Amino acid sequence: MTTYVITIPGTFLREPRDSARSDLVRLLRPADPHHTSLGRREELDLLTVNDDRTFSIRLEVTADDIRTAERQAKETAAAALHRAGFTNAQAPLGPATVTGIDNEA
């Protein structure tokens with residue numbers, strides 16, 4: 001098993017309330033990339049929201065291979081968005097990509 005840092009881009013098609021952002025971060029916190037040496041070294045934020053409502057979610061995932069890690073990260077992000085009150089149509093996600101591989105986690 002390898003620990004991956006996965007980045008998933010997306011867009012909020014409706015303005016997220018502060019409470020929804022807080023809920024989203026809380027739901028994603030167990031997969032915070034700050035648990036990895038890469039996340040600490042690069043100071044990766046769990047959630048970054050830009051002025052144009054695009055966002056990036058960065059997650060730590062332990063998996064056997066890259067494809068599985070990307071799939072698990074996207075499922076985790078989608079579930080957290082849903083639980084924070086966003087439908088797939090209100091916060092569509094882009095393709096998950098590997099930001100880093102951390103063998104020191």
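Mentor: Leaving aside neighbours within four places in sequence, S56 is in contact with T7, I8, P9, L46, L47 and T48, where contact means heavy atoms within 4.5 Å. Keep in mind that this is a predicted model, where local features need pLDDT of at least 70 and side-chain atom pairs count only at pLDDT 80 or more, while totals for chains, interfaces and linings use all residues. Residues are numbered from 1 along each chain as its sequence is written, and side-chain values use heavy atoms, with hydrogens and water left out.

Trainee: Why is S56 called buried?

Mentor: Buried means under 20% relative accessible area, exposed over 50%, and partly exposed in between (1.4 Å probe, protein chains only). S56 has 16% relative accessibility, so it counts as buried. S56 is found in strand β3; helices (H or I, at least four residues) and strands (E, at least two) are DSSP runs, numbered from the N terminus.

Trainee: How do you know that β1 and β3 pair?

Mentor: Two strands pair if DSSP finds at least two bridges between them. Strands β1 (residues 2-11) and β3 (residues 54-63) have ten bridges, in the antiparallel sense. Within that pair, T7 stands opposite R58 in β3.

Trainee: What makes β2 and β4 edge strands?

Mentor: The open sheet has four strands in the order β2-β3-β1-β4, with antiparallel pairing. β2 (47-49) and β4 (97-102) each pair on one side only.

Trainee: What makes the buried residues of α1 line one face of the helix?

Mentor: The buried residues of α1 are A20, L24, L27 and L28. Seen down the axis of α1, they fall within an arc of 95 degrees, so they line one face; the arc is that of the directions from the helix axis to the C-beta atoms. On the other side of α1, D18 and R26 are exposed. The cover over the buried residues of α1 includes β2, β3 and α3.

Trainee: Which residues have the most contacts inside the largest nonpolar core?

Mentor: They are I6, L24, I57, L59 and L81, in a core of 25 residues. A nonpolar core is a set of buried Ala, Val, Leu, Ile, Met, Phe, Trp, Tyr and Cys residues joined through side-chain atoms within 4.5 Å. β1, α1, β3 and α3 each supply at least two residues of this core. Leaving aside neighbours within four places in sequence, L59 has contacts including Y4, I6, L28 and A77.
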